[in-house]
Amino acid sequence: MSEAESTAKKGNFFSRLKGEFKRCTWPKPVDLAKQSTLVIIVSLILGVLIAGIDWVIRLGLQAINIVS
């Protein structure tokens, strides 16, 4: 393949890529902020829940002298 063909294909690729991005529906900033906040809150809740379960299991194992 010649360099001209390679450049033409790259140009064609980026033109098609740009066209695809124009057809995408992007979220509004308000929706994006709400969804991001929800993801962060759920992640924190799950992290605390997992840490709490881990702590309870560790206490139980320490009570029966399996783990020091």
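**Figure 1. Span of helix α2 in the predicted model.** In this predicted model, helix α2 comprises 35 residues and extends 51 Å between its first and last C-alpha atoms. That span is close to the 51 Å expected at 1.5 Å a residue. Helix α2 covers residues 29-63. The protein as a whole has two helices and zero strands.

**Figure 2. Nonpolar surface patch containing I50.** Seven side chains are shown here: L38, V42, L46, L49, I50, I53 and I57 make a nonpolar surface patch of about 660 Å². One of these residues, I50, is located in helix α2. I50 has a relative accessible area of 57% and therefore counts as exposed, the cut-off being over 50%. For the protein overall, the accessible surface comes to about 6,400 Å², and 69% of that area belongs to carbon and sulfur atoms. Buried residues account for 0% of the 68 residues in the protein.

Figure 3. Side chains of opposite charge can pair when their charged atoms come close. A search of the whole structure returns one salt bridge. E20 and R23 form a salt bridge in which the closest N and O atoms are 3.4 Å apart. Both residues belong to helix α1, which spans residues 3-23, and they are separated by three residues, about one turn of the helix. The two partners are assigned to separate accessibility classes: E20 is partly exposed at 40% relative accessibility, whereas R23 is exposed at 64%.

**Figure 4. Edge-to-face pair of F13 and F14.** A pair of aromatic rings is described by the distance of the centres and the angle of the planes. The count for the structure comes to two aromatic pairs. In the pair formed by F13 and F14, the ring centres lie 5.2 Å apart and the planes make an angle of 70 degrees, an edge-to-face arrangement. The angle is assigned to this class because planes over 60 degrees apart count as edge-to-face. F13 has a relative accessibility of 41% and counts as partly exposed, while F14, at 51%, counts as exposed.

**Figure 5. Stacked pair of F21 and W26.** The rings of F21 and W26 form a stacked aromatic pair, with 6.0 Å from centre to centre and 15 degrees between the planes. This pair is classed as stacked because planes under 30 degrees apart meet that description. F21 is partly exposed, its relative accessible area being 45%. W26 is exposed, with a relative accessible area of 58%.

**Figure 6. Backbone at N65, after helix α2.** Most residues other than glycine have a negative phi, and most peptide bonds are trans. N65 has a positive phi of about 55 degrees although it is not a glycine. The residue is found in the segment after α2. With a relative accessible area of 68%, N65 is classed as exposed.

Technical notes: Residues are numbered from 1 along each chain as its sequence is written. This is a predicted model: local features need pLDDT of at least 70, side-chain atom pairs count only at pLDDT 80 or more; totals for chains, interfaces and linings use all residues. Side-chain values use heavy atoms; hydrogens and water are left out. Helices (H or I, at least four residues) and strands (E, at least two) are DSSP runs, numbered from the N terminus. Buried means under 20% relative accessible area, exposed over 50%, partly exposed in between (1.4 Å probe, protein chains only). Accessible areas come from the Shrake-Rupley method with a 1.4 Å probe; for residues, only the protein chains shown count as cover. Patches are made of residues with over 30% relative accessible area and no salt bridge: like charges are joined within 9 Å, nonpolar side chains (Val, Leu, Ile, Met, Phe, Trp, Tyr) within 5 Å. A salt bridge is a side-chain nitrogen of Lys or Arg within 4 Å of a carboxyl oxygen of Asp or Glu. Rings of Phe, Tyr and Trp (its six-membered ring) pair if their centres lie within 6.5 Å; planes under 30 degrees apart count as stacked, over 60 as edge-to-face and the rest as tilted. The expected span of a helix is 1.5 Å times one less than its number of residues.
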